[in-house]
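Hi there,

Here is the structure I promised to send over. Have a look at it first, and then read on for what I found in it.

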Amino acid sequence: MIEVKDLCFSRSDGDTQHKILNQLNLSVPAAQHLALLGDSGSGKTTLLHILAGLLPIDSGSVNVNNQELSLLNDKKLAFYRRRIGLIFQHYQLLDCLTVKQNILFQHKLNYANQPAIEFDHLVETLGLYNKLDALPHQLSGGEQQRVGIARALLNKPQIIFADEPTGNLDQKRSHQVVELLTGLCREREINLVMVTHSQQLTDYFDQVKILRDGRFE
Ligand SMILES: Nc1ncnc2c1ncn2[C@@H]1O[C@H](COP(=O)(O)OP(=O)(O)O)[C@@H](O)[C@H]1O
Ligand SMILES: [Mg+2]
């Protein structure tokens, strides 16, 4: 569940302050999926980073799963960040690790030696079974993004933020990836916020918001 009220965020560029988000309001109920659109530079990535606890805000309130992010101490904020799922346009896989090692990486950090119970199911659903020993550069873009999705989901997040995850994929693969991502999040009742440029992908989402001039249209 995400509740944003009167969020203001600016960046300073030398002496000038640029307002990026201006009195922004947003409400995403538990387990719902939001598609976030807007022109390049409208602040979509900035908003995702704020929701992920990576950027402090100037004023307003950002509440995720009943936690007011600005009130969390460093330790609690670090814990919050570790337990969310992040999916990136450029996949951010570790080049020298195999597909299997990449998928397990975050789970190992967060759950030490607990077994990764969902591993087989995710790998099967995402069609990665015969790619487990491959290195990222041996995969297509769509396959690399499916590794990114498996890694995020294996970490058992309550919430996933995806920043243009299909930005490097053709139309057919974009639909495949978004269908898989939204389907897997629905099964697990995970909140999903996905930035996209493609109006055609918004059919998979419960809510669509367009950022313009620091607010939603
Ligand atoms: N690290 C940064 N330092 C200064 N300005 C930034 C930084 N990141 C983004 N910006 C500026 O903030 C605005 C919003 O950027 P961003 O959130 O990346 O937009 P979007 O993801 O919608 O393309 C843009 O004007 C951009 O130039
Ligand atoms: Mg961006």
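Helix 3 and helix 5 cross in the right-handed sense. Please keep in mind throughout that this is a predicted model. Helix 3 covers residues 99-111 and helix 5 covers residues 141-154; their axes come within 7 Å and cross at roughly 30°. That angle is why helix 3 counts as roughly parallel to helix 5. If you want to find the contact on your screen, helix 3 brings Val99, Asn102, Ile103, Phe105, Gln106 and His107, while helix 5 answers with Val147, Ala150, Arg151 and Leu154. Sorted by class, the residues of this contact are six nonpolar, three polar and one charged.

On the helix 5 side you will see Gly141, Gly142, Gln145, Arg146, Ile149 and Leu153, and they meet Arg173, Gln176, Val177, Leu180, Leu181 and Leu184 of helix 6. This contact has six nonpolar residues, four polar ones and two charged ones.

One is an open sheet of six strands with mixed pairing, and the strand order is 6-7-8-3-9-10. Strand 6 (85-87) and strand 10 are its edge strands, each pairing on one side only. Helix 5 turns up here again: it packs on this sheet, where it touches strand 6 and strand 7 (159-163), and its direction makes about 170° with that of strand 6.

Gly38 is found opposite Leu211 of strand 9. On to the next pair: strand 9 and strand 10 (residues 215-216) are antiparallel, with two bridges. One bridge links Arg212 with Arg215 in strand 10. These two strands make a hairpin with two residues between them, and Asp213 in the turn has a positive phi of about 50°.

The other sheet is also open, with four strands in the order 2-1-4-5 and antiparallel pairing. Its edges are strand 2 (16-28) and strand 5 (67-68); each has a single partner strand, so one side of each has no neighbour in the sheet. Strand 1 (residues 2-13) and strand 4 (residues 59-64) are paired antiparallel over five bridges. For a landmark, look for Glu3, whose bridge partner in strand 4 is Asn63.

Finally, the ligand. Which residues are around ligand 1? They are Arg11, Ile20, Gly38, Ser40, Gly41, Ser42, Gly43, Lys44, Thr45 and Thr46. Helix 1 (residues 44-51) gives the largest share of the shell around ligand 1, with three residues. By class, the shell has one nonpolar residue, seven polar and two charged.

Happy to go through any of this with you on screen.

Best wishes

Methods. Residues are numbered from 1 along each chain as its sequence is written. Chains are lettered from A and ligands numbered from 1 in the order in which they are written. This is a predicted model: local features need pLDDT of at least 70, side-chain atom pairs count only at pLDDT 80 or more; totals for chains, interfaces and linings use all residues. Axes are lines fitted to C-alpha atoms, for helices over the stretch in contact, and angles run from 0 to 180 degrees between N-to-C directions. Angles under 35 degrees count as roughly parallel, over 145 as roughly antiparallel, 65 to 115 as roughly perpendicular and the rest as oblique. A crossing is left-handed if the near helix is turned anticlockwise from the far one by less than a right angle, and right-handed if clockwise. Two residues are in contact if their C-beta atoms, placed from the backbone, lie within 7 Å. Ala, Val, Leu, Ile, Met, Phe, Trp, Tyr, Cys and Pro count as nonpolar, Asp, Glu, Lys and Arg as charged, and the others, Gly among them, as polar. Two strands pair if DSSP finds at least two bridges between them. A residue is near a molecule or strand if its C-beta atom, placed from the backbone, lies within 6 Å of it.
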